[in-house]
Amino acid sequence: MKIRILGTAAGGGLPQWNCDCPGCATARRTGAHRTQDCLAVSADGEAWYLVNASPDLRGQLLAAPELAPAPGTRDTPLRGVLLTSAELDHTLGLPLLREAAELTVHAALPVRHTLHTAFPAGPLLAPYTKVHWHTVAEGRAVELDGGLRAEPIALGGKRPRYATDLPGEQWQDRTDWVTGYRFTDAAGSACAVYAPGVAAWTPALDRALDGADLVILDGTFATDDELTDRTGGARTSRGTGHLAIHDSLPHLARHHGPRHLYTHLNNTNPLNHPPGPATARALAEAGAAVATDGMLIEL
């Protein structure tokens with residue numbers, strides 16, 4: 001299995017265009033830039049799937065040689081997209097794929113509904129390319145090209161802000177507004193878990209990590225009170241639908257086998273920059289590190 005980490009920042013990237021907080025100022029000074037969360041995965045190195053479609057997608061695709069078209073053609077190895085949520089930083093890149101001859105998009109039911117109503121990505125793409133929409137659900141594995149298998153993991157009920165007033169009781173109290181994926185190859189010799197949004201540690205997530213070689217996990221905030229400390233706001237990490245790194249590290253420490261990487265870092269997260277000794281030690285003890293844009297991992 002091959003995995004190209006295309007982007008590792010939360011919404012707005014790092015630095016954010018309209019922000020000069022200490023984190024963004026340091027990023028501008030040191031060049032520690034991050035594009036918005038996105039991943040490419042392949043079981044055979046030939047058929048590739050995006051996980052999320054960030055607003056930075058065009059630049060991310062151009063920076064990934066595995067995703068380039070064959071010489072002299074418009075035939076690319078990109079076979080489709082799996083979405084982890086309907087958040088804008090995960091979906092605004094979909095219209096950027098309009099030049100594709102056809103496109104397959106996999107998403108949980110509330111995400112699909114939102115993308116056809118509140119944010120009409122479906123109708124927006126229809127005049128440009130043929131889009132095949134597929135619903136994913138926990139407990140139903142998805143068989144993809146190249147021997148790639150994706151098992152959805154329901155991770156939380158946080159709606160995107162633009163869909164908070166979406167009518168219909170059927171969208172209330174669902175836990176699949178946010179989805180992670182456990183990827184395996186046909187031979188079962190490689191396994192990776194991708195969960196850039198985690199509201200709380202659940203038994204399902206715990207099971208998904210068993211036997212994994214790689215876990216790429218929500219690292220939006222370092223601590224639960226990060227926003228309060230850095231911006232003076234009242235929101236906590238949990239209040240925004242994200243389990244802080246400080247609170248997920250003890251869980252990762254119980255899974256000694258996988259390589260653990262954190263992604264989807266907010267611009268306020270101090271781990272955008274080299275950590276202090278105590279934090280570095282805590283990460284090392286859990287076998288964890290912070291992912292960087294452009295990383296290529298082979299399992």
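**Figure 1. Strand E8 in the lining of the largest cavity.** Strand E8, which spans residues 148-156, gives the most to the lining of the largest cavity, contributing 3 residues. The model shown here and in the following views is a predicted one. The lining is made up of Ala-108, Val-136, Ala-137, Glu-138, Pro-152, Ile-153, Ala-154, Asp-176 and Thr-179, and by residue class these divide into 6 nonpolar, 1 polar and 2 charged.

**Figure 2. The cavity itself.** The structure holds 1 cavity of 30 Å³ or more, and the volume of the largest cavity is about 30 Å³. Among the residues that line the largest cavity are the charged residues Glu-138 and Asp-176, together with Thr-179.

**Figure 3. Thr-220 and its polar contacts.** Thr-220 is found in the loop that runs between strand E11 (214-218) and helix H7 (226-231). With a relative accessibility of 3%, Thr-220 counts as buried, because that value lies under the 20% cut-off. The side chain of Thr-220 makes a polar contact of 2.5 Å with the side chain of Asp-218, and a polar contact of 3.1 Å with the side chain of His-242.

**Figure 4. Contacts of Thr-220 beyond its sequence neighbours.** When neighbours within four places in sequence are left aside, Thr-220 is in contact with Ala-10, Pro-196, Glu-226, His-242, Thr-263, His-264, Leu-265, Asn-266 and Asn-269. One of these residues, His-242, also takes part in the side-chain polar contact of 3.1 Å with Thr-220.

Definitions and conventions:
Residues numbered from 1 in each chain as written. Predicted model: local features only at pLDDT ≥ 70, side-chain atom pairs only at ≥ 80, totals over all residues. Heavy atoms only, no water. Helix = DSSP H or I, 4+ residues; strand = E, 2+ residues; numbered from the N terminus. Buried < 20%, exposed > 50% of the residue type's maximum accessible area, 1.4 Å probe, protein only. Polar contact = N/O pair within 3.5 Å; in protein donor to acceptor, adjacent residues only side chain to side chain. Contact = heavy atoms within 4.5 Å. 1 Å grid on protein atoms, 1.4 Å probe; cavity = no way out; pocket = protein on both sides within 12 Å on 5 of 7 lines; lining within 4 Å. Points joined across faces, edges and corners; volume = space filled by probe spheres on them.
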